[in-house]
Amino acid sequence: MNNFAEALKGSRVLVTGGSGFLGTHLLKKLRELGVGEIINLHRGNKPTYEAAGVSDAVCDLSQPESMNIVRDLGAVDYVFNLAGLSNQRMPHPNPQELWDGNVITLIHLTSGLNWDGVKGAVHIGTTAEYGNQEVPFREDQCLKPTNAYGWSKAAATQYAMMMTQGGYARWRVVRQFTGYGPGQTTGFIFDVVRALKQGATFTVNAPEVTRDFIFVADTIEGLIRLAICKEVTGEIVNLCRGEEMPIGKVAKMIYAIMQTGGIEFGHKNSRAGDFLRSFGDAKKLERLLGWKPAITLEEGLRLTIPTI
C-alpha cells in the first residue's frame, strides 16, 4: 500500500461505524498510513480502537440533528460510511428500523457533509442487494433483494448514486462480499471455529449454499484504494475475490486446519429471505484499480482461527 500512502498522508478522514469489526481494522490501517486526523463518528458506544490522531464524534445519524453535528466537524478529505444495520431476518420485525439505520443515516450524512473539499467518499453496500439471481453478480444487474435488509441497502445505493450523478456528492458504492478475519465475533466462519475449539460437532444445515469470502485485510486495502481513485466517483464496485465457495467445503477446510471437533451436514433449508448462491464478478474492480484481493481462503483461515 506504500504506493498510495502519499495520497492519505496528513489528510483528514471521517469514518462512520468505526467501532465495528470492519471499522476497527480500517482505523488501524489509516493510522499506519499516516493519516493526519481520523474522526470516528459513532452513536456513543465505546470505541474498540483508540490511538493518537483518532478523535471521537458522537451522534445518531438517524436523527435530524445529526446533520448539524456533521456540518460542525468541518472539511474532510475522505469519508468512509460503514455505519448501518445488517439484520437479515425475514419477515423482519421492524423494517422501519432498517430504513432509519441504512437509508436515513446516509441522507443525513450526505446533507451534513461539506462536499467542496471531499476527494473521495465510500459507502458500503451489500451483496443482499442482488438477491437470488444469476451469478456471478455484476454491478449492472437489476437489484432483486429477497429480504428487508437488502431492500434498505438497495435504496441507500440509489440515493448515493442520485446525489453523486447530480453533482451534490462524491459517493462510490462498494458492495463488499462475505468478509472475515481476526477480531470477528459473528458469522459462519466464527461459528464453525468456536464450535470446533470447544470440541463440538458443527452442523452445516445447507452445505450447498455458496459465498465469496474475502479476508479483512484485502477488504480494507480495497476500500482505501477505491476511496482515493478519482475515476471511481459515481461507480458501484464489487469488492470480492470472484470465487464461489460452498459453505460445506469451507467448514471442511476449517476442520482440516484445526483437527478437533467435527463437521456434519444437515438437510434443512436455508433461512427465509436468504440467497442460495453468492459470488461476484471482480472484473470491474480489477479494471478500475489494476488490483485484486491477494489472500486466499486457506491463508485467511489460518490467520483468523487462532484469534477466535
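What percentage of the 308 residues in the protein chain is buried? Buried residues (under 20% relative accessible area, 1.4 Å probe, protein chains only) make up 53% of the chain. The model is predicted, with local features requiring pLDDT of at least 70 and side-chain atom pairs pLDDT 80 or more, while totals for chains, interfaces and linings use all residues. Residues are numbered from 1 along each chain as its sequence is written, and side-chain values use heavy atoms, without hydrogens and water.

The protein chain has 10 helices and 13 strands, taken as DSSP runs (H or I, at least four residues; E, at least two) numbered from the N terminus. The radius of gyration, taken over C-alpha atoms, is 19 Å, close to the 19 Å from the globule rule (2.2 Å times the number of residues to the power 0.38), so the chain is as compact as a globular protein of that length. Of the contacts (heavy atoms within 4.5 Å) with a separation of 6 or more, 79% join residues 24 or more positions apart.

The axes of helix 4 (residues 95–112) and helix 5 (residues 148–165) come within 8 Å and cross at roughly 15°; axes are lines fitted to C-alpha atoms over the stretch in contact, and angles run from 0 to 180 degrees between N-to-C directions. Helix 4 is therefore roughly parallel to helix 5 (angles under 35 degrees). Residues in this contact include Trp-99 and Leu-106 of helix 4 and Trp-151 and Tyr-159 of helix 5.

For helix 2 (residues 21–32) and helix 7 (residues 216–228), the axes come within 10 Å and cross at roughly 65°. Among the contacting residues are Phe-21 and His-25 of helix 2 and Ile-220 and Leu-223 of helix 7.

Note on methods. Parallel < 35°, antiparallel > 145°, perpendicular 65-115°, else oblique. Buried < 20%, exposed > 50% of the residue type's maximum accessible area, 1.4 Å probe, protein only.
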